[in-house]
Every structure is written in C-alpha cells, then in structure tokens.
Amino acid sequence: MIEFQGTHKSYPVGGHEIAALHPLDLTIQAGEVFGIVGHSGAGKSTLLRLINGLERPSGGTLTVDGARVDTLDGAGLRTLRRRIGMIFQHFNLLSAKTVRDNVAFPLRLAGVGRTQARERADALLARVGLEAHRDKYPAQLSGGQKQRVGVARALATEPTILLCDEATSALDPQTTASVLQLLDGINRELGLTIVLITHEMDVVRRVCDRVAVLDAGHLVESGPVSEVFLHPRHATTRRFVAESDAGDEGALHPDAADVPGRLLRLTFTGTDTYRSLLGQVARETGVDYTILSGRIDRIKRTPYGQLTVALVGEHTDEALRRFGHAGVHVEELSR
Ligand SMILES: Nc1ncnc2c1ncn2[C@@H]1O[C@H](COP(=O)(O)OP(=O)(O)OP(=O)(O)O)[C@@H](O)[C@H]1O
Ligand SMILES: [Mg+2]
C-alpha cells in the first residue's frame, strides 16, 4: 500500500540542506495498522507529510496506493489525497461549524450535495457513537469526543489509508484507550490501512501490527510489534519500551540486584502465558526461583508474559533447556 525506497527528505535552513529523514526503505501492507515511534524531531510528521504528498521527497521513490507520489502532478495529488484520511493531535475541527457539518465538510469540498453529505455525516457519527451530539459545536465537546469527530471526518471520503499524527497524545489514558479501540474496529471492519505515529510505545502495543522506530531521521528498527516490543534491539527502542508502562526493560530495584542466582528474562506468548510452566520446571529440576519483576498483558489481542527471575540450584542448565523446549523465550541477563 505504501512503499518507501531509498526515500529521503531535507529542508533548506539558512542556505543549508538539513536532513529530516535519511534514505529509508519501508513497506506498509494494505490492511495493517503500522506504528511509527520516535522522539520529538525524529522525522515522524515529515514521514506522514511525504505519504499524503504535502512534502516532496528530496530523493528516492515513494509509492502510495499504486501512485508514484514523488512524481505526481497537482491533479494527481488531489485525487490521491481523497483516498487518504488524516487525524491530528489537536483535532483541527472548524469551530464555527456544527459537528455534523464538520464531518460533511470534506464531502461538500468534493462536490457532494448538502442533503447527501449530511446523511453520510449522520451515518459516520453513528459509527463513532456521537449521533446525539451532531448539532453541537466543537467547543461543547470533550477531547475524546472531538477526536471521534476527527475520525468521522477522516472517513467521510471513504479513504483507503488513515494517517494519525499523535492522535491520542492530548487525551487521558482512558479516553486514549477508547479512541484506540475505535481505530482498531475501523481497521478490522473497513480493512483500512492505518499509519499511526506516536511517542508512546504503549499505543503501539495496543493497536499496531508492525512498528518502525525513527531516531534522528534514521529508521533504526522495524518489525512485528511482538518482536520489537518484547525483544528490542536498538538502544532507542529499548528506551521506548522502558518508558512505556508495559515494558519489563527497566533496571532492577537495588534490593533485587542482591538476590543470588542466574538472572533470566522469560517471555511467554499466546496461550503459553497462562500455563503453569515456571512451577512445573522448578519441581521437575529441583531449582528454586525468585520473581524479581514481571508483567502479563496483551499485544493487540495476543497475551504475553514477561518475567525477570533469579534461578538457584544445581540444575539451572536443565531448567533453561526445558523452558526453551516449552517455547519460552529465554534471555540470560548480566548483573
Ligand atoms: N518545514 C521545515 N523546514 C525546516 N525544517 C523542518 C521543517 N519541518 C520539519 N523540520 C525539521 O525536521 C526534523 C523532523 O521534524 P518532524 O516534524 O518530522 O519531527 P517529529 O518526529 O514529527 O517531531 P514531534 O514529535 O515533535 O512532532 C526536525 O528537526 C524539524 O526541525
Ligand atoms: Mg510531529
């Protein structure tokens, strides 16, 4: 659906070209929810603006929904943009228009008649759970409701791609969860491709299928969320996982550092998360274990568990072998 090939972007600043994105290769499949994480200034918004043609690449190629965005003319770009919806951190609603007319607005721009545009807006407002609020103005809505209007408006022209620029960053955790659930439902029911940029790994964990990590304009890591989140390779990715409230990448509590034994991180995924493997292996091998930190949660809909344990006993090698045999990912940590 979206393919970057050696694509890069520089901006002229004071007579110099400053690279915002270094050459990158990235493919986003139709129907997936793709996350892009990075710190402020990493190039996330630049990447989105390349996709919808608001910025032109300085080099390389970019194909979006079958069109070569890097060579499209004005008319081609306008046609492409109708197939791309966008939602923003600060919602960008028109304050002088009602909720209904905000949603109808892109259709009116596309030449759809008033009655038909309003009918379609009403159907979209029902989908995002706001039918009772259609005659209100944006100022009369909560942040979460505003973002639902933003989602309905983005869907008005029946796009094939939805771009989300920090769409939940201005919302509290509970509202964030409900907006992410809405996006997840839209992805599943409409088969829409969603590209979601965020500085929160937890947002990626909840809705994304795959993720790429940007660091100062470089794409440093990408892959399935289950891989990148549970086994981050690059230092920047590790930091993102540690910052998220769902990672087990943080340093051990000083008290835990004194616990004797071999330090291991065990990762269980899928239904294995709920098997009584730890106790079973301990009984069978006679090793003892102390749980030093841990978390059981979900990556999208797949359960996972990640435990840091200290193992003591004569047969810790055998215990490691049995964990591995049972499909547990075993990582030995240094002290
Ligand atoms: N129009 C522009 N002219 C010059 N430099 C720009 C322009 N737009 C972005 N930049 C620079 O490019 C780099 C990447 O910016 P970008 O907006 O893509 O970052 P970001 O990852 O979206 O950051 P944030 O999380 O703060 O939104 C930054 O160093 C920024 O200063
Ligand atoms: Mg940005």
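Buried means under 20% relative accessible area, exposed over 50%, and partly exposed in between, with a 1.4 Å probe and protein chains only. This is a predicted model, where local features need pLDDT of at least 70 and side-chain atom pairs count only at pLDDT 80 or more, while totals for chains, interfaces and linings use all residues. Residues are numbered from 1 along each chain as its sequence is written, chains are lettered from A and ligands numbered from 1 in the order in which they are written, and side-chain values use heavy atoms, with hydrogens and water left out.

**Exercise 1. Classify Arg100 and Leu109 as buried or exposed.**

Start with the helix: Arg100 lies in helix H3, residues 99–109, and Leu109 has its place in helix H3 too. Helices here are DSSP runs (H or I, at least four residues) and strands likewise (E, at least two), numbered from the N terminus.
Next, take the areas. Arg100 has a relative accessible area of 15%, so Arg100 is buried. Leu109 reaches 64%, so Leu109 is exposed.

**Exercise 2. Describe the geometry of the aromatic pair.**

Recall the criterion: rings of Phe, Tyr and Trp (its six-membered ring) pair if their centres lie within 6.5 Å; planes under 30 degrees apart count as stacked, over 60 as edge-to-face and the rest as tilted. The structure holds one aromatic pair.
Phe229 and Tyr304 form this pair, at 6.0 Å centre to centre and 75 degrees between the planes, which is edge-to-face. Phe229 belongs to helix H8 (residues 225–230) and Tyr304 to strand E13 (residues 302–312), 75 residues apart. Both Phe229 and Tyr304 are buried.
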